[in-house]
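Here are my notes from going through this model. Have the structure open while you read them.

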Amino acid sequence: MEDITLILLAAGSSTRFGMGTKKQWLYQGTRPLWQKVADDFDAAFDFAKVIVVGSGDEIAYMQLFGAYEVVAGGNSRQESLRNALALVKTPYVLVSDVARCCLDLPMIERVIAHKKSADCIVPTLGVVDTLYVEDEAVDRDRARLIQTPQLSRTDALRRAVVAETDYTDESSAIRAVDGSIHFVEGSSQAHKLTRPADLGRLPCLIPPDQGSFTGYGIDIHPFEEGKTMKLCGVTIESPVGFKAHSDGDVAIHALIDALMGAAGMGDIGELFPDTDVAYADADSTVLLAEVVRRIRAVGFTIRHVDVTVLAQTPRLLPYKSAMRARLSRLLHLPLPRINLKATTAEKLGFVGRKEGVTVHATATLNYFDWTKVSA
Ligand code: MG
């Protein structure tokens with residue numbers, strides 16, 4: 001199968017599965033769904049190359065998973081296909097959506113076996129129910145349900161996806177430029193993962209691994225006269241604030257690094273560079289909310305955080321409950337799962353000399369348990 005490239009579309013922004021997790025990131029054991037589907041294709045067929053199309057802001061993270069070439073999708077299916085096709089060197093291309101997550105191998109073999117029959121090879125199903133178009137009954141024997149994956153001649157698909165119209169499959173794009181279509185028998189077993197209710201209908205899905213992930217973060221900021229002091233998003237009564245590019249919320253910065261560490265996402269500087277004017281005086285709670293959104297989107301649930309503020313001054317006891325409450329809302333985490341500690345440095349070092357503050361934080365995540373999503 002040296003003449004076929006697989007394109008797996010996994011750039012959807014679907015968040016219909018609760019907790020803000022996208023369907024391509026519903027974990028199957030220790031692998032996200034997109035990787036399981038790519039691995040299943042890869043194990044069954046000897047493609048020249050497998051290209052996975054992901055969301056632009058997840059590409060760097062997806063690349064960490066290794067195995068496959070990952071390319072950024074566009075704003076539409078058509079644009080995503082165009083981006084992927086730019087990397088295809090084979091005469092044929094098989095396109096599949098990550099939502100078709102349980103592979104029907106005999107059906108895919110039928111599609112591939114007919115590769116020379118037309119510009120696009122399409123699995124279809126006959127219609128068994130009575131069929132109306134608007135208020136008119138039509139002859140169901142002449143109707144077909146179109147399925148995927150479909151195999152296309154690369155040059156024909158390249159011509160077809162130049163169009164701005166966003167077609168829902170390759171066959172309609174190729175028909176629109178007068179390409180030829182060949183139908184093969186589809187499969188009534190080939191369900192698609194669209195809604196939470198579909199999860200129970202897809203026999204190949206397995207629950208996420210129960211393991212947990214711990215991340216650690218540390219941040220240090222010196223005091224600066226005349227600046228407002230923020231810790232955990234709460235304003236602290238103090239003659240000094242923190243010297244920083246952002247609002248200097250050293251506690252939130254340490255916490256962001258702990259969360260990113262647990263998710264394997266690198267560090268705060270990679271996401272929000274302090275050379276970027278966009279983050280000048282940035283509200284750190286907004287940065288934390290963005291990190292939380294990303295972590296949940298890629299399949300994690302935050303379970304626990306522990307923050308230790310090392311400060312000779314100010315005294316934080318009067319602010320602790322407000323700080324925990326703020327974190328609870330930002331992290332979507334119940335209060336008992338948020339621990340906050342404040343300690344002095346016994347007058348030692350730069351903290352003891354009241355020159356600045358150090359914060360240490362840990363965060364614990366596990367995979368979002370989609371098996372508990374109610375349909
Ligand atoms: Mg910082």
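Predicted model: local features only at pLDDT ≥ 70, side-chain atom pairs only at ≥ 80, totals over all residues.

**Notes on cores and cavities**

1. Is Ala258 buried or exposed? Ala258 is buried, since its relative accessible area is 0%, and the cut-off for buried is under 20%. Setting aside residues up to four places away in sequence, Ala258 touches Gly215, Tyr216 and Gly217, as well as Ala361, Thr362 and Ala363. For a sense of distance, its C-alpha atom is 20 Å from that of Gln210, 48 residues away along the chain.

2. Now the largest nonpolar core, which has 90 residues. Leu259, Leu288 and Leu331 touch the most other members. Helix 7, spanning residues 250–263, is the top contributor with 11 residues. Domain 1 (4–201) and domain 2 (212–372) both supply residues, so this core lies between them.

3. Beyond its neighbours within four places in sequence, Leu331 contacts Leu255, Leu259, Leu288, Val292, Ile302 and Val305. There is also a second, separate core of 20 residues, with Leu81, Val93, Cys120 and Ala160 among them.

4. How many cavities of 30 Å³ or more does the structure hold? There are 2. The largest has about 50 Å³ of space, and its lining includes Arg100, Asp104, Met107 and Thr148. By class, that lining is 6 nonpolar, 1 polar and 2 charged residues.

5. The second largest cavity comes to about 30 Å³. Trp34, Phe65 and Tyr68 are among the residues lining this cavity, and the lining has 6 nonpolar, 2 polar and no charged residues.

Key:
Residues numbered from 1 in each chain as written. Heavy atoms only, no water. Core = buried A, V, L, I, M, F, W, Y, C linked by side-chain atoms within 4.5 Å. Buried < 20%, exposed > 50% of the residue type's maximum accessible area, 1.4 Å probe, protein only. Helix = DSSP H or I, 4+ residues; strand = E, 2+ residues; numbered from the N terminus. Domains from an automatic or database assignment. Contact = heavy atoms within 4.5 Å. 1 Å grid on protein atoms, 1.4 Å probe; cavity = no way out; pocket = protein on both sides within 12 Å on 5 of 7 lines; lining within 4 Å. Points joined across faces, edges and corners; volume = space filled by probe spheres on them. Nonpolar A, V, L, I, M, F, W, Y, C, P; charged D, E, K, R; others polar.
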